[in-house]
Amino acid sequence: MIEIIPAIDIIDGRCVRLSQGDYNALTVYDASPVDMVKRFVDHGFTRIHAVDLDGAKAGRPCNLSTLEKMAMASDDARIEWGGGIKTDTDMRDCVNAGCAYAVIGSVAAREPELFDKWLAENGPDMMVLGADLRDGKIAVSGWLGTTDISIDDIVERFLPGGLSQAIVTEISRDGMLQGPAFELYTRIQSKYPDVDFTVSGGISSLADVEKCAELGLRRVIVGKALYEGRVTLDELEKICG
């Protein structure tokens, strides 16, 4: 059964969505992150993906007070937090603020030894590789920078250290409501069965989520489609129920 993970992107403590990671293509939504956490948990979705977009751009966590409020919104909420976690202090601050899972992107690509250290210290159940792809290569620094590293390169780099979960975002699909890159996800999930890959970017409808489930994919993040009313929490709940 597929696990559905609703998403909350945050700028200045508010729920927003970007298109293709463009900070100039910004939509702000009325609901607060705390309200959204409560709503998601009420529908049975306890793992909640949250991105500190200010933090991703600044290179340091910027919305920790919001994380703390989100984590306290429900005893059942397990916040998956990413954006700007670059140092041991950043990691400690996020844990202290209540994150249950830490999503690490830029550090994994640029300072792999540090990610190795965090994997060893915090365990693979908490540490999530964040792999954001543009033209097949890992993007970093809030998608503002690029590398020559492929998804296969980075997964294989961390498998010996126990990597067990990764969120893979196809940037060209993110926020565009055009459907995810199904072939990419089925290929890597088949190639690396010991890693739980999360589909991220492009979910446009209930049919997209159902196709992910039919293909045997294990996790999927649903963001803009929810906020734009293209899929409802009630509909998603039925898939999981």
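Q: What makes the radius of gyration of the protein chain agree with that of a compact globule?
A: The radius of gyration is taken over C-alpha atoms, and the globule rule is 2.2 Å times the number of residues to the power 0.38. For 241 residues this rule gives a value near 18 Å, and the protein chain has 16 Å, which agrees. The C-alpha atoms fill a box of roughly 40 × 40 × 35 Å along the principal axes.

The model is predicted: local features need pLDDT of at least 70, side-chain atom pairs count only at pLDDT 80 or more, and totals for chains, interfaces and linings use all residues. Residues are numbered from 1 along each chain as its sequence is written, and side-chain values use heavy atoms, with hydrogens and water left out.

Q: Why is Thr-198 called buried?
A: Buried means under 20% relative accessible area, exposed over 50%, and partly exposed in between (1.4 Å probe, protein chains only). Thr-198 has a relative accessible area of 1%, and therefore Thr-198 is buried. Across the protein chain, buried residues make up 56% of the 241 residues.

Q: Where is Thr-198 found, and which residues does Thr-198 touch?
A: Thr-198 belongs to strand β11, residues 196–200; helices (H or I, at least four residues) and strands (E, at least two) are DSSP runs, numbered from the N terminus. Contact means heavy atoms within 4.5 Å. Not counting residues up to four places away in sequence, Thr-198 touches several residues, including Ile-5, Tyr-185 and Arg-219.

Q: How do you know that the buried residues of α1 line one face of the helix?
A: In helix α1 (residues 33–42), the buried residues are Pro-33, Met-36, Val-37, Phe-40 and Val-41. Seen down the axis of α1, these residues fall within an arc of 130°, so they line one face of the helix. The arc is that of the directions from the helix axis to the C-beta atoms. Just after α1, Gly-44 takes a positive phi of about 95°.

Q: How many helices and strands has the protein chain?
A: The protein chain has eleven helices and twelve strands. Of its contacts with a separation of 6 or more, 66% are between residues 24 or more positions apart.
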